[in-house]
Amino acid sequence: LMYRPRGTLYASSKWAVQGLVGCLREELAGTGVKVATVNPGAVDTPWWSPERGGHKVMPPSLQRDDMLSPDDVAQSIVLIAEQGPSSDIDKIVQYHPTPVKQ
């Protein structure tokens, strides 16, 4: 979860989800039911494509090559769903491994 200018509503909704999941994890402890979140960075989807009705302004510092693929995020979801009984994943924070630009 990141702090961004003009991101108040977006960020507050993400923090609300984290609070909801944290409470559910406590309430469901010991039941065998697991709850987790996946918090991906930018994902290369049509949301970023203005020609397809997506986000109108992509930050200049963000390029599609610096984004996760939808498959990357799907693999994280599968990891959570298939975790064994001795594992308890709380959250996955996932970013593209973009090298530092000099």
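Let's start with a word you'll need: a contact means heavy atoms within 4.5 Å. With that in hand, among contacts in the protein chain between residues at least 6 apart in sequence, 57% join residues at least 24 apart. Keep in mind that this is a predicted model, where local features need pLDDT of at least 70, side-chain atom pairs count only at pLDDT 80 or more, and totals for chains, interfaces and linings use all residues. Residues are numbered from 1 along each chain as its sequence is written, and side-chain values use heavy atoms, with hydrogens and water left out.

**The overall picture**

- The protein chain has two helices and two strands; these are DSSP runs (helices: H or I, at least four residues; strands: E, at least two), numbered from the N terminus.
- Follow the sequence along and you get the pattern α-β-α-β.
- Of the 102 residues in the protein chain, 22% count as buried. Buried means under 20% relative accessible area, exposed means over 50%, and partly exposed is in between (1.4 Å probe, protein chains only).
- The protein chain exposes about 7,700 Å², and carbon and sulfur atoms supply 60% of that. Accessible areas come from the Shrake-Rupley method with a 1.4 Å probe, and for residues only the protein chains shown count as cover.

**How confident is the predictor?**

- pLDDT is the predictor's confidence in each residue, from 0 to 100. The protein chain has a mean pLDDT of 85, with 83% of its residues reaching 70 or more.
- Among the elements of the protein chain, α1 has the lowest mean pLDDT (92), while helix α2 has the highest (96).

**Helix α1 (residues 8–27)**

- At 1.5 Å a residue, the 20 residues of α1 should span 28 Å, and the end C-alpha atoms are 28 Å apart, which agrees. The expected span is 1.5 Å times one less than the number of residues.
- Which residues of α1 are buried? They are Ala-11, Gln-18 and Val-21. These cover an arc of only 85 degrees around the axis, which puts them on the same side of α1. The arc is that of the directions from the helix axis to the C-beta atoms.
- Over on the other side of α1, Thr-8, Leu-9, Leu-20 and Glu-27 are exposed.
- The cover for the buried residues of α1 includes β1 and β2.

**Helix α2 (residues 70–81)**

- Val-73, Ser-76 and Ile-80 are buried in α2. Seen down the axis of α2, the buried residues fall within an arc of 55 degrees, so they line one face of the helix.
- As for what covers the buried residues of α2, β1 and β2 are included.
- Leu-79 also lies in α2, and Leu-79 is partly exposed, with a relative accessible area of 49%. Leaving aside neighbours within four places in sequence, Leu-79 is in contact with Ile-89 and Ile-92.

**The two strands**

- Strand β1 (residues 37–40) and β2 pair in the parallel sense over four bridges; two strands pair if DSSP finds at least two bridges between them.
- Asn-39 has Val-93 in β2 as its bridge partner.
- In a regular strand the side chains alternate between the two faces of the sheet.
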